[in-house]
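Have a look at the sequence and structure first, and then we can walk through the main points together.

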Amino acid sequence: MGVLNYMSQWRSLAKEAMDRTAIVAKFLCLLHVTNTYVCSSTLVYGPSMLPTLNVTGDVVLAEHVSHRLGKVGLGDLVLVRSPGDPKKTVTKRVVGMEGDKVSFFVDPMSSDICRTAVVPKGHVWIQGDNAYVSNDSRHFGPVPYGLIQGKVFLRVWPLDSIGFLGE
Amino acid sequence: MATRNVLWNYSKKIFTFGLIGLTASDSLASISVVRDDCVLVEKTCLVKYKFSHGDVVVFSSPSNHKEKHIKRIIALPGDWIGIRHCSDVRRIPEGHCWVEGDNPSSSMDSNSFGPIPLGLVKGRVTHIVWPPQRIGAVEKRIPSDRGQAF
């Protein structure tokens with residue numbers, strides 16, 4: 001009798017543990033799906049997007065809907081998987097779409113040589129707002145549209161400069 | 001009232017199932033259709049972007065992000081590769097790879113569009129699932145005429 005009692009106690013305990021784990025797992029799944037398909041927050045830092053974004057680090061929200069629908073256009077801030085290192089994501093501004101002619105200074109620090117490039121089919125030309133320190137399409141060329149991960153639309157941190165980004 | 005309850009429960013179940021399915025297909029493995037074949041695509045290699053020579057991968061075409069292609073990785077960053085139909089030898093830049101089809105005579109691959117960024121790779125093909133006469137594992141191999149990348 002005692003053994004049966006013990007067993008049923010264990011069974012109810014195990015059932016409860018299973019239920020709790022299922023809830024946590026479902027929550028994590030929901031989190032993953034919202035993060036990849038709807039909107040996610042990213043910490044952005046570095047000098048390449050001055051004066052739009054700060055050097056010390058801004059938390060921005062990026063939505064993942066419009067790049068799937070092909071709605072990314074000129075002037076949008078985008079998250080792009082870095083062509084040089086696929087584990088990193090960089091934030092830049094779209095300056096040219098496919099077929100556009102883009103003129104840029106090769107090295108604005110030391111010379112004023114200007115070059116013009118045509119963005120090939122299915123590619124975008126991305127550039128940082130701070131042309132002096134940004135590592136962007138001027139170095140690695142146009143990037144395939146498939147590398148775009150999301151469109152940045154809102155800054156949430158620091159709190160005093162909260163607001164929409166773009167244009 | 002009862003039917004409404006049943007409907008609510010059903011929709012809740014479908015929603016949960018969809019969530020779990022989507023997460024699993026994003027982070028573990030998924031089945032994707034390319035042309036006439038169904039293939040099993042493994043995604044765990046995307047965590048560290050670790051690939052080896054001869055892996056068959058799915059990637060979105062650099063010229064049209066909606067198209068998916070399946071090709072074999074011939075060279076990885078830092079390798080030197082000779083371009084077909086021309087005597088040039090070029091180095092694969094950091095974060096890129098060289099992909100080629102198994103049929104060298106008719107394949108739209110890196111010989112025409114150059115090395116592709118690893119970020120475009122969506123997963124590694126492990127098995128063919130459909131059509132049934134070709135079910136089986138996809139092996140890792142390096143075409144003999146490409147030899148060892150040097």
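According to the UniProt record, an unreviewed entry, the annotation "domain: Peptidase S26" covers residues 24-103 and 116-157 of chain A; such annotations may be inferred rather than shown by experiment, and positions follow the numbering used here, with feature names shortened. This is a predicted model: local features need pLDDT of at least 70, side-chain atom pairs count only at pLDDT 80 or more, and totals for chains, interfaces and linings use all residues. Residues are numbered from 1 along each chain as its sequence is written, while chains are lettered from A and ligands numbered from 1 in the order in which they are written.

**Annotated spans**
- Residues 24-103 of chain A are 19% helix and 35% strand, with end C-alpha atoms 52 Å apart (helices, H or I, of at least four residues and strands, E, of at least two are DSSP runs, numbered from the N terminus).
- Residues 116-157 of chain A are 10% helix and 48% strand, and their end C-alpha atoms lie 37 Å apart.

**Contact between the chains**
- Chain A gives 19 residues to the contact and chain B gives 18 (in contact means C-beta atoms, placed from the backbone, within 7 Å).
- On the side of chain B that touches chain A, helix α1 (residues 2-27) of chain B supplies the largest share, six residues.

**Helix α1(B)**
- The 26 residues of α1(B) should span 38 Å at 1.5 Å a residue, and the end C-alpha atoms are 38 Å apart, which agrees (the expected span is 1.5 Å times one less than the number of residues).

Notes. Two residues are in contact if their C-beta atoms, placed from the backbone, lie within 7 Å.
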